[in-house]
Number of protein chains: 2
Amino acid sequence: MSAAATAPMVRLRLEEVDDLTFRALIASGVSPVNARSVTASVVAAETEGVHSHGLARLPTYCAHAKVGKIDGAAAPALSRPRPGLVLVDARDGFAHPAIDLGLPELIAAAREQGIAALAVTNSYNCGVVGYHVERIAQAELVALGFVNAPASIAPVGGTRAVFGTNPVAFAVPRVAETPLVLDQSSSVVAKSEIMVHQQRGAPIPLGWALDREGQPTEDAKAALEGGTMVPAGGHKGAGLALMVELMAAWLTGANLSIDASSFADNSGGSPRTGQFFIAIDPGPVAGPEAGARLGRLCEAIAGQEGARLPGQRRAAARLRTAGEGVMIPKPLHERLTAIAIATPA
Amino acid sequence: MSAAATAPMVRLRLEEVDDLTFRALIASGVSPVNARSVTASVVAAETEGVHSHGLARLPTYCAHAKVGKIDGAAAPALSRPRPGLVLVDARDGFAHPAIDLGLPELIAAAREQGIAALAVTNSYNCGVVGYHVERIAQAELVALGFVNAPASIAPVGGTRAVFGTNPVAFAVPRVAETPLVLDQSSSVVAKSEIMVHQQRGAPIPLGWALDREGQPTEDAKAALEGGTMVPAGGHKGAGLALMVELMAAWLTGANLSIDASSFADNSGGSPRTGQFFIAIDPGPVAGPEAGARLGRLCEAIAGQEGARLPGQRRAAARLRTAGEGVMIPKPLHERLTAIAIATPA
């Protein structure tokens with residue numbers, strides 16, 4: 001990333017990412033079981049090169065735990081109101097322990113019923129949605145994930161933000177390969193991409209965001225402070241954001257995006273956003289040739305000069321970071337180290 | 001529509017649309033029960049102003065039934081391999097009778113299990129996907145629909161079509177109102193929009209399609225003969241098309257879009273595409289304030305000057321067509337009348 005050249009960088013092995021993350025969370029008052037759950041997701045994000053959802057976001061996680069915007073010691077509560085429905089109340093804690101609690105029950109339910117859903121409510125930013133659906137697909141199930149976020153996209157024709165960047169994710173198990181994972185926000189880019197540019201002091205490309213007057217901007221700060229995100233594909237992106245809003249926020253009883261406090265600053269109490277996952281057993285419906293047919297589809301894409309399957313960049317990052325570790329801005333490393341050595345709250 | 005000015009038009013009452021459609025299908029060798037099912041969807045499309053999926057498509061339905069590309073007398077077969085999974089084999093017949101057979105079982109399963117899915121395989125073009133998810137939402141269930149179609153979208157960076165225009169649809173029940181329905185293709189516009197322009201002899205806007213050399217085109221014929229459709233939002237639209245492909249085609253055991261014969265011409269045998277629907281009971285998870293929260297979300301959109309909720313145009317069309325009927329091109333009316341008075345095959 002060109003912005004990297006503007007700040008000195010520090011190289012960390014993945015074990016160091018793990019250690020630093022866990023200690024920073026513990027020092028911020030997060031319980032060990034919850035810190036373990038969040039740490040695994042931060043390490044996974046850095047492993048796959050998704051820095052925006054990895055260490056770049058960790059200072060915010062720690063600050064939110066410290067000021068009580070997240071209850072770092074929350075114990076999520078699971079219920080199963082119907083054979084195919086699992087409900088987890090994150091109780092204003094991190095999303096990761098709530099999802100980790102629900103996934104085994106979701107997977108068991110999907111195997112029994114053929115299809116099941118996990119609704120997570122009163123939750124928080126869950127990091128990379130693909131991380132969660134990939135784990136469902138590792139259990140040989142097809143997975144869909146819907147996640148809402150504080151409002152940052154305006155409906156087409158309007159000026160006030162109603163939807164979050166509201167990502168949707170999809171994963172399908174493959175024979176003798178990692179699952180095929182698709183993970184995309186409803187906006188042209190994820191909001192966290194703009195935050196990374198702001199952290200690095202770099203401008204954003206035109207077409208990513210609008211300022212508070214609804215005008216295109218290259219200024220990350222203008223985009224984040226009162227501006228809105230541009231939906232991908234115009235009204236189709238806004239339509240997808242609405243669908244995700246209804247699945248992730250409305251259907252889980254979580255806060256609508258218009259009612260959720262910011263994921264970025266310390267004010268407003270718990271965001272209480274939601275996540276909704278669907279798991280489907282392909283066995284009874286996809287037929288005996290499912291593996292070969294999936295291979296044929298993947299080849300029709302990856303076999304074209306210039307085209308690629310989703311996940312190829314992340315797969316390359318996994319290979320690279322396993323050997324070389326990751327590079328993070330020196331100021332971020334110093335900040336995280338300072339958090340990690342502080343006395344727990 | 002400006003293209004309407006180029007051809008003389010005929011006004012039909014909705015009862016006349018129903019009668020003409022049913023007779024044209026019967027005269028093409030379609031069984032009465034199947035013809036009734038298809039007719040209901042054609043009338044619904046015309047009622048809501050979606051001419052491209054209404055009478056404009058009927059000559060093709062009739063031709064396909066006549067040449068055997070569709071088995072007009074097919075009896076779809078239902079099974080329920082898991083408590084939450086309903087599978088219907090359309091047996092190379094129309095999609096509509098297959099979906100009509102599966103919907104009551106899907107709705108019953110979703111009420112029992114909390115969530116259920118209907119996989120339809122060996123099927124055909126199902127018309128407006130929103131029509132099907134709306135009927136699920138009328139049973140007080142949240143509905144998702146995924147539909148594949150013959151390949152017409154190339155992966156980003158590639159040149160050969162891999163995905164159909166692959167629409168996704170969503171519906172959610174509302175208190176004392178028709179369901180909120182979203183229905184959008186993965187391409188900038190539905191392929192049927194280009195077919196309507198071709199029928200009317202009108203050019204298409206730049207940005208809708210590419211010709212066979214991958215160049216932008218305003219020529220509907222160049223788009224339909226060897227060209228490809230442009231995905232909405234670039235790689236995000238192509239990503240959505242991949243997700244829909246996996247849900248609608250791969251997961252149902254239907255033909256992949258690359259293997260499906262055209263919906264437009266008479267060659268290649270049955271397209272054997274697929275449809276996948278998910279129904280969810282919001283009661284156990286959306287909470288007691290679900291109705292009020294949905295109203296609040298809708299108001300946040302519709303209350304903004306210049307913004308609108310999906311479905312407002314269709315709702316206006318319902319009011320208009322109930323009183324005024326619909327206008328169709330005179331050559332199309334003459335063609336359908338000729339089909340309807342022919343001797344059954």
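Student: Which residues have the most contacts inside the largest nonpolar core?

Tutor: Keep in mind that this is a predicted model. The largest nonpolar core has 96 residues, and those with the most contacts inside it are Phe146(A), Ile278(A), Phe146(B) and Ile278(B).

Student: What is Ile278(A) in contact with, leaving aside its neighbours within four places in sequence?

Tutor: Contact here means heavy atoms within 4.5 Å. In chain A, the partners of Ile278(A) include Val142(A), Phe146(A) and Met247(A). From chain B, Ile278(A) touches Ile115(B), Leu144(B), Ile278(B) and Ile280(B).

Student: How do you know that a two-fold axis relates the chains?

Tutor: Chain B is superposed on chain A by a rotation of 180 degrees, with 0.0 Å of shift along the axis and an RMSD of 0.0 Å. That is the relation of a two-fold axis. In chain B, Gly233(B) has the C-alpha nearest this axis, 1.8 Å from it.

Student: What area is buried between chain B and chain A?

Tutor: It is about 6,100 Å², and carbon and sulfur atoms give 71% of that. On the chain B side, Lys236(B), Trp250(B) and Val285(B) lose the most area to chain A, together 13% of what that side buries.

Student: Why is Leu246(A) called buried?

Tutor: The cut-off for buried is under 20% relative accessible area. Leu246(A) has 1%, so it counts as buried. This residue lies in helix H8 of chain A. Its contacts beyond neighbours within four places in sequence are Leu251(A), together with Phe170(B), Val172(B), Leu180(B), Leu294(B) and Leu297(B).

Student: What makes Lys69(A) count as buried?

Tutor: Its relative accessibility is 2%, so Lys69(A) falls in the buried class. Lys69(A) is found in the loop between helix H3 and strand S2 of chain A.

Student: Why do we say that the buried residues of H10(B) line one face of the helix?

Tutor: The buried residues are Ala290(B), Arg293(B), Leu294(B), Leu297(B), Cys298(B), Ala300(B) and Ile301(B). Seen down the axis of H10(B), they fall within an arc of 155 degrees, so they line one face. The face turned away from that buried side carries the exposed residues Ala292(B) and Glu299(B).

Student: What do the buried residues of H10(B) pack against?

Tutor: Their partners are helix H8 of chain A, plus strand S6, strand S7 and helix H9 of chain B.

Student: How do you know that the reach of H10(B) is close to the expected one?

Tutor: Helix H10 of chain B has 13 residues and reaches 18 Å from its first C-alpha to its last, close to the 18 Å expected at 1.5 Å a residue. Helix H2 of chain B has 16 residues and reaches 22 Å, close to the 22 Å expected.

Student: What covers the buried residues of H2(B)?

Tutor: The cover includes helices H1, H3, H4, H5 and H11 and strand S11 of chain B. After H2(B) comes Gly49(B), whose phi is positive, near 80 degrees.

Notes
Residues are numbered from 1 along each chain as its sequence is written. Chains are lettered from A and ligands numbered from 1 in the order in which they are written. This is a predicted model: local features need pLDDT of at least 70, side-chain atom pairs count only at pLDDT 80 or more; totals for chains, interfaces and linings use all residues. Side-chain values use heavy atoms; hydrogens and water are left out. Copies are superposed by least squares on the C-alpha atoms of residues with pLDDT of at least 70 in both. Helices (H or I, at least four residues) and strands (E, at least two) are DSSP runs, numbered from the N terminus. The expected span of a helix is 1.5 Å times one less than its number of residues. Buried means under 20% relative accessible area, exposed over 50%, partly exposed in between (1.4 Å probe, protein chains only). The arc is that of the directions from the helix axis to the C-beta atoms. A nonpolar core is a set of buried Ala, Val, Leu, Ile, Met, Phe, Trp, Tyr and Cys residues joined through side-chain atoms within 4.5 Å. Buried area is the accessible area (1.4 Å probe) that two parts lose on being put together, summed over both.
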